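This report looks at how the parts of a two-chain model are divided and how they touch one another. The structure is shown first, and the description follows.

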Amino acid sequence: MEIENRDVILRLLHQNGRLSAETIASMIGETSENVSHMIKEMEDEHIILRYSATINWEKVKSERVTAVIDVKVTPQREVGFDAIAERIYRFSEVKSVSLMSGAYDLQVVIEGDDIREIARFVSERLSTIEHVISTTTHFLLKTYKSDGVIFDDNEGDRRLVVTP
Amino acid sequence: MTELTHRLSKTVRDLPPSGIRRFFDLASQMQDVISLGVGEPDFVTPWHVREASIYALERGFTSYTANSGLLELRREISRYLRKFELDYDPETEILVTVGGSEAIDLALRTLLEPGEEVLIPEPTYVSYRPCAVLAGGTPVVVPTGMKDDFRLTKEALVGALTAKTKVLVMSYPNNPTGAVMGSDDLKDVAELIMTRDFFVVTDEIYAELSYGEPHHSIAAIPGMKERTILVSGLSKAYAMTGWRVGYVAAPREIMQELIKIHQYTILCAPVMGQMAAIEAFRHGDSERDKMVESYNERRRLMVNGFKRVGLDCHEPKGAFYAFPSIASTGLTSEQFAEGLLKEGKVAVVPGHVFGESGEGFIRASYATSVEQIEKALERMDRFVQKLQPQQG
């Protein structure tokens with residue numbers, strides 16, 4: 001029951017991080033105390049890492065540039081890809097790093113103030129790391145949907161106010 | 001009454017205008033109203049269903065279909081109904097209709113002779129009574145109440161039976177009360193129906209939206225299929241209200257007659273809706289189940305909220321409505337709903353709209369966002385607290 005509830009709480013918080021423990025408790029038929037306790041546990045276990053907002057930066061005229069970089073690396077004995085991934089994700093401009101199957105190994109997403117900053121990062125920082133074999137940089141032009149959220153959703157509530 | 005009106009059908013003129021209409025007009029004129037008055041899902045039809053319909057249009061599916069609907073769809077309906085232990089032949093016992101609404105009309109018109117009585121447990125959806133009248137029948141109300149969780153009991157039914165009783169209209173899970181009939185409740189009622197030998201029209205449009213035990217159909221009880229017309233559709237379960245796809249399932253002898261009305265008045269349900277329905281039945285279960293789970297969460301939130309506000313609310317176990325009592329405020333349903341709308345800016349539907357036994361209650365739909373529900377509950381709380389001092 002507790003494990004099931006934890007999954008439901010995670011789903012609800014992932015949709016809306018501002019839901020209070022009281023509201024969640026009411027929705028799933030639990031006590032607020034238990035829900036608060038479970039959330040605290042999941043924070044302590046680093047299952048819940050932080051609460052953040054999903055933002056459409058294009059609407060605030062941000063000039064920031066985002067690039068997705070495919071990185072091929074040589075895995076190392078004992079640590080595989082982990083050590084090299086760590087050397088990459090420690091850079092503050094790196095937003096995400098994932099190990100991929102297929103044509104390349106690591107997918108790195110970075111953000112910079114302009115294209116030059118990203119170019120500099122790739123040529124001076126990323127490519128020069130030992131065991132990095134090659135990089136392919138793609139600039140992100142527009143985000144339509146991210147993490148389940150459609151950015152320009154025009155499917156508003158079209159229902160009549162009162163219907164039988 | 002103008003001279004022109006006077007020349008129109010008396011039966012139609014005598015139909016009361018829908019009580020919901022007035023509230024719709026009132027609420028539509030106001031700004032910043034939170035509506036708990038909507039009788040349909042707050043989800044848009046899942047994209048894969050819409051996409052399948054677009055693809056069907058691209059391929060040129062724009063013509064009439066067989067009167068009874070695409071055989072492929074009837075096969076899907078037949079397969080789907082097995083989940084409720086129902087066995088209907090797609091070739092001869094299933095008809096695709098323009099929403100559940102057409103299905104109700106067809107069922108009653110097929111069964112009724114002038115003057116025969118139609119038992120209608122109330123509070124209930126607003127269409128059964130007018131449809132019964134238009135089919136020449138005489139509606140007989142069977143009141144249900146909060147003490148029975150608004151279920152239909154054998155006792156209530158016995159009291160309403162006469163020599164003219166022809167058909168009982170059942171609608172569970174129920175709009176507006178959220179009541180469901182468990183298998184024992186159904187057996188009780190079915191026994192009486194069989195001994196007294198009359199028909200049932202069962203509207204099971206909310207079947208998927210059952211939150212406790214899974215839905216049971218009265219047609220699945222041995223001996224009941226031959227006297228039952230089952231009416232349902234995809235509107236509520238698959239968030240497809242605007243597509244207007246419903247269906248009737250009935251034994252062959254009934255279907256042979258019923259389909260004639262559909263042939264002459266409708267011809268067939270729109271083909272794009274039928275193509276969308278096939279997709280929904282084939283690949284829509286996981287999206288459907290997610291929506292149901294989401295209603296269930298909001299159901300608990302709303303019912304708990306009403307308890308905090310101090311309104312007595314039985315547990316609605318189906319559909320997406322809560323039906324709290326407002327008797328403690330001393331107001332009538334109409335006064336409460338109008339006051340709440342004007343002062344609290346929350347639209348609900350007064351219970352009496354669904355029959356006299358709905359007086360003293362309001363219908364609030366939880367098919368709206370968690371934020372809206374919480375805000376509406378706060379506004380209601382303020383409205384109810386302000387009433388209390390005047391009540392002493």
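Two residues are taken to be in contact if their C-beta atoms, placed from the backbone, lie within 7 Å. The model is predicted, and on this criterion 35 residues of domain 1 of chain B are in contact with 34 residues of domain 2 of chain B. On the domain 1 side, H12 and strand S9 (321-322) of chain B each supply at least two residues, and H12(B) gives the largest share, seven residues. By class, that side of domain 1 of chain B has 17 nonpolar, 11 polar and seven charged residues.

| Chain | Domain 1 | Domain 2 | Distance between C-alpha centres |
|---|---|---|---|
| Chain A | 2-44 | 62-141 | 35 Å |
| Chain B | 3-44 + 286-384 | 61-284 | 24 Å |

Between the chains, 25 residues of chain B are in contact with 13 residues of chain A. The elements of chain B that give two or more residues to this side are helix H3 (19-28), helix H12 (285-309) and helix H14 (370-391), and by class the side comprises 13 nonpolar, six polar and six charged residues.

The axes of helix H5 (residues 71-81) and helix H11 (residues 271-283) of chain B come within 9 Å and cross at roughly 35 degrees, and the crossing of H5(B) with H11(B) is left-handed. Here Glu72(B), Leu73(B), Glu76(B) and Tyr80(B) of H5(B) meet Gln274(B), Ala277(B), Ile278(B), Phe281(B) and Arg282(B) of H11(B), a contact with five nonpolar, one polar and three charged residues.

Notes
Residues are numbered from 1 along each chain as its sequence is written. Chains are lettered from A and ligands numbered from 1 in the order in which they are written. This is a predicted model: local features need pLDDT of at least 70, side-chain atom pairs count only at pLDDT 80 or more; totals for chains, interfaces and linings use all residues. Helices (H or I, at least four residues) and strands (E, at least two) are DSSP runs, numbered from the N terminus. Ala, Val, Leu, Ile, Met, Phe, Trp, Tyr, Cys and Pro count as nonpolar, Asp, Glu, Lys and Arg as charged, and the others, Gly among them, as polar. Axes are lines fitted to C-alpha atoms, for helices over the stretch in contact, and angles run from 0 to 180 degrees between N-to-C directions. A crossing is left-handed if the near helix is turned anticlockwise from the far one by less than a right angle, and right-handed if clockwise. Domain bounds come from an automatic or database domain assignment.
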